[in-house]
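Hello,

Here is the structure I promised to pass on to you.

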Amino acid sequence: MNKVTEELLKIVSDYEGKFDGAFNIREDGACVGRQSSANVKIESRADGKGLEIHVKSGTQGEKIYIPACVTHSNVKDKVYNDFFIGENADVTIIAGCGVHSEGNEEAHHNGIHRFVLAKGAHVLYKEKHVGTGKGPGIRRIDPVTELHLAEDAVLEMDTTQIGGVDRTVRKTVGDLEARARLIIHERIMTNGEEQAETDFAVDINGEDAGVDLISRSVARDNSYQAYHSKINGNARCTGHSECDAILVGNGHVNAAPELYAGDIDASLIHEAAIGKIAGEQILKLQTLGLTEEEAEEKIIAGFLKG
């Protein structure tokens with residue numbers, strides 16, 4: 001793999017010269033490194049358009065790295081990755097994406113991930129997105145995630161966009177069976193003229209299943225963000241959607257949480273809050289010796305971390 005890929009991997013997947021365990025590294029639409037383990041099998045899809053990742057039932061504590069990098073402009077990378085997690089397995093999947101461009105043409109990654117969790121499986125999915133490079137070409141990342149959670153399965157998704165991505169449309173759809181849990185924490189920062197759209201649609205079909213969607217975002221300069229979530233409670237279940245956004249400069253945010261109760265015992269809640277940083281917060285930190293800019297950065301960092 002090239003030097004740009006190495007630098008992107010350090011940012012999005014905590015790469016330190018090697019990965020321990022199972023991994024697949026994608027660079028400009030091609031595989032540049034792959035390794036399976038005794039419990040995790042990574043192989044190419046039959047159609048050649050991506051990967052199948054199979055985790056054996058009962059697997060505990062393993063990490064699986066599936067990062068993808070686009071290292072120059074005029075690349076449009078589209079990949080399909082299917083994850084099949086066996087019964088009672090408990091694994092962490094790290095699947096960051098970096099897009100780098102120094103040219104005039106667009107650099108684009110479109111990752112389409114499908115998760116199928118068997119009964120009692122637990123997955124922590126961690127994903128960072130970043131754009132780098134000084135070229136005028138658009139840096140675009142458009143992830144699509146499809147989730148199928150069997151009884152008692154739990155999927156935790158921790159997704160972060162940490163800067164430099166000019167355009168992104170993030171789509172997530174899924175369905176849950178009895179007692180399954182979906183927990184999503186999303187953090188997005190946009191600057192300049194960047195645009196980010198998030199679209200969640202989840203069907204809770206099994207009794208006592210639950211969904212918790214939390215999005216925290218900061219829109220700076222002239223950037224724009226849109227957040228739309230829809231939770232369909234089709235059984236006795238719980239659902240919570242929360243969107244909190246901070247505006248800085250001339251940033252714009254459109255938040256539209258939506259709930260549908262198809263069962264009398266569906267308990268669903270949505271929250272949305274958008275606003276600028278309170279002046280008293282900045283003043284308080286300034287009394288501790290921070291400049292206004294330093295105070296603002298500290299508040300934003302704490303907000304996104306929370």
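The second largest pocket is lined by Val-12, Ser-13, Asp-14, Lys-63, Tyr-65, Ile-94, Lys-126, Glu-127, Lys-128, Asp-158 and Thr-160. A pocket here is an open set of points on a 1 Å grid over the protein atoms alone, where a 1.4 Å probe fits, with protein on both sides within 12 Å along at least five of seven lines; lining residues have an atom within 4 Å of a point. Its lining divides into three nonpolar, two polar and six charged residues (Ala, Val, Leu, Ile, Met, Phe, Trp, Tyr, Cys and Pro count as nonpolar, Asp, Glu, Lys and Arg as charged, and the others, Gly among them, as polar).

Please keep in mind that this is a predicted model: local features need pLDDT of at least 70, side-chain atom pairs count only at pLDDT 80 or more, and totals for chains, interfaces and linings use all residues. Residues are numbered from 1 along each chain as its sequence is written, and side-chain values use heavy atoms, with hydrogens and water left out.

The largest pocket is lined by 29 residues, and Arg-26, Ala-68, Val-79, Asn-81 and His-109 lie nearest its centre. By class, that lining has 13 nonpolar, 12 polar and four charged residues.

Now for the rings. Tyr-65 turns up again in an aromatic cluster with Tyr-15, Phe-19 and Phe-23. There are six aromatic pairs in the structure (ring centres of Phe, Tyr or Trp, its six-membered ring, within 6.5 Å; planes under 30 degrees apart are stacked, over 60 edge-to-face, the rest tilted). Phe-19 and Phe-23 have ring centres 5.9 Å apart and planes at 50 degrees, so this pair is tilted.

Happy exploring!
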